[in-house]
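Q: I am new to this structure and would like to learn how to read it feature by feature. Could we go through it slowly together?

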Amino acid sequence: MTQTATPADARLEVHCAPSPNPLPVSTASKTKNGVLELTFAKPDDSPDIKCQAITVTVPVGTGATDLASSATPIEHNYSGQGTWHVSKQIGEHAITFTCTPEAPGTPPTVVFDRTRRFTLDLSAIPVTRAPGHAALTITALTTLTNDWETRPVSTDPVEKHLETIADFFFRSFSCEKPQVNNGTSVVLRWEGSEAGTEYWLSWDDNAPIKVTGRSHPSHALTDTTTFVLDARTKAEDGVTVIHHYLSTTVTVKNPDIKAKTLTATDKISVTDTFWADNKDSKKTWARATTFEGEVVIAGKNTLKVGGVITAEEGVTIPTMKKLVVDTIEIPSPTGSRKQVVFNSPVWIQEVVLPTGTPAHLTVKGSVDVSGTVALNKIKSTVNSAIELLNSINQTAGAISTTGNVTATGNVTAGGNRVLRAGDTLRFKSITNRYLSEDYDYGRDHETVMAARTLYNTARWTALHLSSASSLAETPGSEQQLAEPPRADQASAKPEV
């Protein structure tokens, strides 16, 4: 309650407002702090009053008439028109606050008219443990004209009592700093009764925790957080719990945002790095998303796409890094050419697939290779021939086959034509004589009689005359057609 005193010899009056009212006394386990708000003004029916100083003395000790158990913790502040200087002097059993205005005149003087107020706030007063009434000593150096005099200003004593459940109060839940940097904690403070009261603090989705005292440090905050303080008391039946709630919110600069659903009607801009984290083994979903920078899948994590990935500028796999796929499908070209380009080696790993089929590369169209294709085996999986539309250039090693080699054109080795079954040959000696099987009657033919003539050191040149495939030998200018046998050669009999 507010006490007012306007004795006949006083020029000022004071309104004393304790908080809480009455003040609860301290206990052996807990020091109770109180607040006094002293507001000075002139009486309504009084003329304007000049003032040069106001003093307030608080009794300190352990008795019933003492207000504070110690003078050191008591803090002070003031409010009202103009500037005032407040000094304190600690004595053996009291603490005195002297308030002087900063105003014109010597000494400085202010005039209390009907609008002027001066309020002295005394806080953090450690109330004694003894119930009772503590009287404050208040004086004011005032005058109506120029007869200055220090006059007492009377007020009712401040009441102290033992707190009971009926004295419950709960207020002023706040934080030391309304805004903090990311990763910074904050101290939460409140005022409330102690008798029969428990305090439980909660925030976000965390279960409430029991707190004691009248303050509690928070955890390191990474997002704007609302704290809820629940003061729990018992009803008259002593069983039913009554909840009293207060809340306060701390804003975090550059917060880490945690949300169940986040909807952006325009766009989300990230100036540094966008992390899609699923440490709780849940999925991160993104629909139509545009990334203007790099997208990095950290560590050995996997990017799983249920739909289609469209890369307008291509997909690049770092050198000697794996691209593990089941099927690469190139849609039918509709306008510009579509292709897959590999700038580093492509390995088809030989593993047994679940169906028992070895790993393989299936190309339904054509494969264009500007470099070299290194193969261990070439096999037709459809039991048909492998068709080569251009030449095969074997620069090293050998080409071997356990089957037949069929060529519709010529087969050459070292620049010379390779014989094929059904070819017709002609042999020419170094003396430009031809080898035949019958008699020769002159000219440039040499006759070899079967089983009679033996050429041990003869050297012959084989000339191709014709092929079973009817393809002409190239170049034809180097070929000499055989002369048809004369009439006398047709019936000639070999020598026996």
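Q: What percentage of the residues in the protein chain is buried?
A: Please keep in mind from the start that this is a predicted model. Within the protein chain, buried residues make up 24% of the 496 residues.

Q: How many helices and strands does the protein chain have?
A: The protein chain has 28 strands and one helix. Contacts tell about the fold as well: among those with a separation of 6 or more, 63% are between residues 24 or more positions apart.

Q: How do strands of a sheet pair, and in which sense do S2 and S4 run?
A: In general, strands of a sheet pair through backbone hydrogen bonds, either parallel or antiparallel. Here strand S2, residues 13–19, and strand S4, residues 33–41, run antiparallel and are joined by seven bridges. One place to look is Ala17, whose bridge partner in S4 is Glu37.

Q: Which residues touch the most other members of the largest nonpolar core?
A: Of the 36 residues in that core, the ones that touch the most other members are Leu36, Phe40, Ile54, Leu67, Phe118, Leu120 and Leu136. At least two residues of this core come from each of S2, S4, strand S5 (49–59), strand S7 (83–90), strand S8 (94–102), strand S9 (110–112), S10 and strand S12 (137–143). With five residues, S5 gives the most to this core.

Q: Which residues does Leu136 touch, when those up to four places away in sequence are not counted?
A: Leu136 touches Cys16, Leu36, Leu38, Thr57, Val58, Pro59, Leu67 and Val158.

Q: How many disulfides does a search of the whole structure find?
A: The general idea is that a disulfide is a covalent bond between the sulfur atoms of two cysteines. In this structure the search finds zero disulfides.

Q: Why does Cys16 count as buried, and why does Cys175 count as buried?
A: The cut-off for buried is under 20% relative accessible area. Cys16 counts as buried because its relative accessibility is 0%, and Cys175 counts as buried because its relative accessibility is 15%.

Q: What is the order of strands in the open sheet with antiparallel pairing?
A: This open sheet of three strands has the order S15-S17-S20. Its edge strands are S15 (170–175) and S20 (215–217), each of which pairs on one side only. From one strand to the next the twist averages 15°. Four bridges join S15 to the antiparallel strand S17, residues 187–192, and Arg171 has Glu191 in S17 as its bridge partner.

Q: What is the order of strands in the open sheet with mixed pairing?
A: The order in this open sheet of three strands is S3-S14-S11. The edge strands are S3 (23–24) and S11 (132–134), and each pairs on one side only. Strand S14, residues 158–161, pairs with S3 in the parallel sense over two bridges, and the bridge partner of Pro24 in S14 is His161.

Terms used:
Residues numbered from 1 in each chain as written. Predicted model: local features only at pLDDT ≥ 70, side-chain atom pairs only at ≥ 80, totals over all residues. Heavy atoms only, no water. Buried < 20%, exposed > 50% of the residue type's maximum accessible area, 1.4 Å probe, protein only. Contact = heavy atoms within 4.5 Å. Pairing = 2+ DSSP bridges. Disulfide = S-S within 2.5 Å. Core = buried A, V, L, I, M, F, W, Y, C linked by side-chain atoms within 4.5 Å. Axes fitted to C-alpha atoms, helices over the stretch in contact; angles between N-to-C directions.
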